[in-house]
Amino acid sequence: MNFLRNTWYAALWDRDVPADRPVGRVIAGERIAFWRKRDGTVVAIADSCPHRRAPLSLGAIEGDGLMCRYHGLAFAENGRCIANPYGPLLDGLNVAHFPVALRDGMIWAWTGEPERADPALIPDVLAFTRGIADTACIWGYIHARAGHKLFEDNILDPGHGEFLHPVLGSAGMTKHKRLVEETGNGGLKLTILQPAGDMPDFFRPGLPDMEGLAETWIESIWNPNGAMVIRVGATPAGRPREEGADSWTAHIFTPETETTTHYLYASGRSFIPDDAAFNEAVREVLRVAFTEEDLPMIEGQQAVLGDQDLMETTPQLFSVDRASVMARRMFDRMLEEEAQERLLSAA
Amino acid sequence: MNFLRNTWYAALWDRDVPADRPVGRVIAGERIAFWRKRDGTVVAIADSCPHRRAPLSLGAIEGDGLMCRYHGLAFAENGRCIANPYGPLLDGLNVAHFPVALRDGMIWAWTGEPERADPALIPDVLAFTRGIADTACIWGYIHARAGHKLFEDNILDPGHGEFLHPVLGSAGMTKHKRLVEETGNGGLKLTILQPAGDMPDFFRPGLPDMEGLAETWIESIWNPNGAMVIRVGATPAGRPREEGADSWTAHIFTPETETTTHYLYASGRSFIPDDAAFNEAVREVLRVAFTEEDLPMIEGQQAVLGDQDLMETTPQLFSVDRASVMARRMFDRMLEEEAQERLLSAA
Amino acid sequence: MNFLRNTWYAALWDRDVPADRPVGRVIAGERIAFWRKRDGTVVAIADSCPHRRAPLSLGAIEGDGLMCRYHGLAFAENGRCIANPYGPLLDGLNVAHFPVALRDGMIWAWTGEPERADPALIPDVLAFTRGIADTACIWGYIHARAGHKLFEDNILDPGHGEFLHPVLGSAGMTKHKRLVEETGNGGLKLTILQPAGDMPDFFRPGLPDMEGLAETWIESIWNPNGAMVIRVGATPAGRPREEGADSWTAHIFTPETETTTHYLYASGRSFIPDDAAFNEAVREVLRVAFTEEDLPMIEGQQAVLGDQDLMETTPQLFSVDRASVMARRMFDRMLEEEAQERLLSAA
């Protein structure tokens with residue numbers, strides 16, 4: 001399976017991990033059991049008991065460990081077997097563990113070599129949620145029947161909004177100046193600068209007294225683990241961004257299998273943070289955009305593609321696809337590097 | 001996949017194509033998007049945008065063309081790209097188109113080389129519906145989980161009525177004289193002539209004053225594209241057919257995949273054409289016969305067969321199977337001819 | 001497929017075979033049609049008409065035979081074609097038949113060479129139901145999405161009760177003396193002897209006047225066709241078993257496919273046989289234990305394993321797994337013997 005291994009994947013929202021029982025998720029083809037320790041920390045190990053392959057995610061939390069509910073073997077967060085009702089704690093009973101980090105309300109899991117799991121490598125796509133009011137932010141999850149690359153293409157794609165999301169008011173974006181640059185930590189940044197024009201309705205409550213023209217800008221960040229964020233802002237024409245209104249939407253696409261994806265999203269804004277009704281309106285607009293507009297189209301692509309990758313079908317690509325093509329190339333290069341590394345370490 | 005290419009397939013009833021949005025169908029393994037032009041004509045192209053493989057059947061009708069709702073590329077009925085928001089109209093953006101013909105309320109699509117799509121080749125199995133009153137005809141559609149050949153066998157099979165459809169009153173048909181002949185345009189005709197006997201109840205309202213014996217006859221037409229029609233009539237013994245009562249049932253089996261079929265049917269009669277109650281009774285009898293009697297049996301055959309063709313399982317065939325065996329051989333011969341043609345044109 | 005052929009499989013409860021129509025079941029990969037003759041006897045043949053592969057389980061019972069409802073061919077219980085509306089009764093029309101035996105309310109079917117089908121080989125796992133009151137016994141059926149071996153492991157496993165079934169009060173069983181021995185007819189017997197202790201609540205109504213300590217014992221019988229029975233009893237310490245209270249639970253795991261199983265069970269007791277309320281309580285406890293505790297765990301194992309056999313995944317086994325490992329080895333040896341036999345008879 002073509003998944004990056006040495007990377008942090010967004011597994012699930014911290015709020016979706018109960019206190020009293022484990023949760024199983026398949027991430028990049030790996031079955032992983034997550035659970036919460038007594039201090040609240042979430043940890044993760046392989047979701048397969050070494051004894052007889054029972055799913056540990058059907059197990060019970062015992063102290064800080066996870067006990068298999070089939071035969072009572074228990075495991076620590078580092079994968080070591082810490083209880084065996086039937087004999088000694090042999091090394092063969094240890095299971096893979098997955099380093100976990102909680103960052104910005106998200107449980108991130110590292111699927112590669114544990115000693116390389118540096119939380120500093122987690123992309124900062126949810127930074128905007130730090131300290132944000134509940135009435136200025138929404139969080140969501142969609143299980144999607146399409147591969148992560150098709151979703152990442154979609155977010156790096158300035159063109160589709162005009163046709164698929166008229167509700168988002170993103171008409172004409174392909175005409176504006178676009179800039180694609182590498183972020184320096186393996187990702188990409190796509191910037192779209194709109195010339196001065198009418199203030200978009202969405203931002204008007206953020207700058208109620210503004211008169212004259214507004215400048216709008218969009219920055220989309222892609223990371224090879226599928227974690228993405230779009231920042232959209234508007235400011236009075238000629239004024240610095242700090243004087244404007246901001247919004248962010250994180251779109252995080254964690255591969256489950258080659259053709260299914262965990263779609264985790266969050267969206268927040270800098271203005272009228274206490275307006276719960278506005279927040280609910282945002283929630284509904286995004287629900288429609290993501291689940292009624294994007295989802296059928298992208299699942300439709302996957303249905304057309306079957307088991308093929310888009311790039312195997314000689315798609316006719318344009319300059320508007322530049323960012324997504326660059327991202328796919330960077331991803332393929334990283335996959336290739338990991339394959340080379342494995343080859344070398346096996347030799 | 002073993003499908004005929006240079007043939008007209010019944011795609012869907014004209015009444016099932018809306019005016020305001022396209023419809024996608026898989027026909028003989030091809031994904032096809034159908035839509036209605038402003039003049040009402042239905043046209044069809046490949047259901048896969050060359051840009052990034054979005055289904056065009058999720059698109060929007062724009063003028064006479066079909067616009068991909070993902071990125072705004074639009075296509076004419078001949079498959080040519082007529083709008084591209086991102087660049088010139090390069091030839092690589094054109095998609096396959098499928099010649100379409102409306103005949104007798106049915107949308108027929110040609111899956112082979114477009115220049116060979118002669119509407120005169122469409123089998124005339126729905127001729128009986130021309131000008132027929134709505135109270136003398138019914139139309140239907142069933143999506144079936146069995147291959148088209150099993151359904152065609154079923155219609156060419158004079159034997160099963162007695163056992164599977166006692167409701168249709170077709171007992172004893174295997175005892176009668178049967179004649180199988182080629183139709184001259186690649187099809188087959190099976191004629192069953194019943195000796196003079198009681199008038200079947202079904203036809204009695206058509207010949208209310210008749211006394212004495214009736215002659216009943218059945219003609220089943222098979223065409224290699226799966227379009228079939230059964231004509232059943234009764235006439236006073238010794239009198240010409242024109243003095244009798246007639247009925248027709250078209251059974252059209254359009255392959256979707258090797259093991260699934262679009263079953264399109266229609267049934268009409270020559271007598272008491274204004275009797276809506278009689279028409280509803282016919283509708284119900286056929287619904288029972290097709291969906292409660294034929295369908296489970298034929299889907300059951302497919303379940304027993306799995307991915308095998310019936311002929312791979314050394315079936316024990318009888319003279320009663322002669323018509324269906326002949327049809328299968330003609331079909332295989334045509335498949336072989338098409339394969340040879342492709343080989344020659346590739347050389 | 002890795003199924004034993006020359007063995008009796010439990011097909012379905014006699015009470016689940018209607019009088020007026022056949023029933024189809026897939027057993028060890030074979031499609032089999034069962035029906036009841038006029039004298040009530042259940043018989044079985046291949047569920048595929050040799051004419052055109054219609055399922056005979058959709059057919060009709062005619063006298064003592066089974067008639068294909070597609071074309072009227074009929075078959076006797078020995079698989080011979082006894083009616084053919086289209087020609088002579090050629091040998092090619094005969095189908096495989098499956099010897100059937102009714103024993104203790106269960107319809108057993110033999111999938112191997114019919115001449116070797118000796119009913120004396122049927123394992124006696126349901127003997128406890130002979131003459132039992134309806135208020136002292138329950139019967140059940142579960143269709144399970146996991147292979148039969150995982151279920152057999154489960155019943156031969158003294159360890160899981162403590163963790164998966166606290167409701168059954170089987171804590172601490174792995175500490176007791178265990179004895180595994182061959183039964184002499186290809187099966188295994190696992191005996192667990194508990195030292196004298198408190199009388200288990202379950203048996204208390206059977207020995208209401210008992211004071212002092214009780215001895216509890218468990219005997220689990222495995223047979224290579226998946227038919228198993230657990231006998232659990234308690235007796236006043238130092239007294240013979242005959243003075244105690246007994247219960248039996250038959251767990252019969254008939255393979256459907258490699259990864260799906262027909263789970264047929266029955267449970268009876270020797271004490272308070274007329275207590276219908278007690279019986280209903282037993283029914284509910286077992287329903288919870290089998291469908292809410294065992295089933296998700298074992299289907300979970302299969303999900304982790306995918307198409308692999310447990311033994312291919314280098315499970316870490318303990319002495320507590322001794323009985324199930326022995327059973328798997330005996331099963332593999334029998335499979336191998338059957339493969340050798342087929343090779344020899346083919347040579």
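In the hairpin formed by β15 and β16 of chain A, where four residues lie between the strands, A:G226 adopts a positive phi near 90°; helices (H or I, at least four residues) and strands (E, at least two) are here DSSP runs, numbered from the N terminus. The model is a predicted one, in which local features need pLDDT of at least 70, side-chain atom pairs count only at pLDDT 80 or more, and totals for chains, interfaces and linings use all residues. Residues are numbered from 1 along each chain as its sequence is written, and chains are lettered from A and ligands numbered from 1 in the order in which they are written.

Strand β15(A), residues 214-222, pairs with β16(A) in the antiparallel sense over nine bridges, two strands being taken to pair if DSSP finds at least two bridges between them. Within this pairing, A:I221 has A:V229 of β16(A) as its bridge partner.

In chain B, three strands form an open antiparallel sheet in the order β1-β10-β9. Because β1(B), residues 8-13, and β9(B), residues 100-103, stand at the edges with a single partner strand each, one side of each is left without a neighbour in the sheet. Neighbouring strands of this sheet are turned by 30° against each other on average, direction ignored, with axes being lines fitted to C-alpha atoms. Five bridges join β1(B) to β10(B), residues 106-110, and B:W13 stands opposite B:M106 in β10(B).

Between chains, 21 residues of chain A are in contact with 18 residues of chain B, contact meaning that the C-beta atoms, placed from the backbone, lie within 7 Å. On the chain A side, α2 (160-164) and α3 (276-305) are the elements that give two or more residues, and α3(A) gives the most, with seven residues.

Chain C is superposed on chain A by a rotation of 120° with 0.1 Å of shift along its axis, at an RMSD of 0.0 Å; the two copies are thus related as by a three-fold rotation axis. Such superpositions are made by least squares on the C-alpha atoms of residues with pLDDT of at least 70 in both copies. Of the residues of chain C, C:D307 comes closest to the rotation axis, at 11 Å (C-alpha).

Terms used:
Two residues are in contact if their C-beta atoms, placed from the backbone, lie within 7 Å. Axes are lines fitted to C-alpha atoms, for helices over the stretch in contact, and angles run from 0 to 180 degrees between N-to-C directions.
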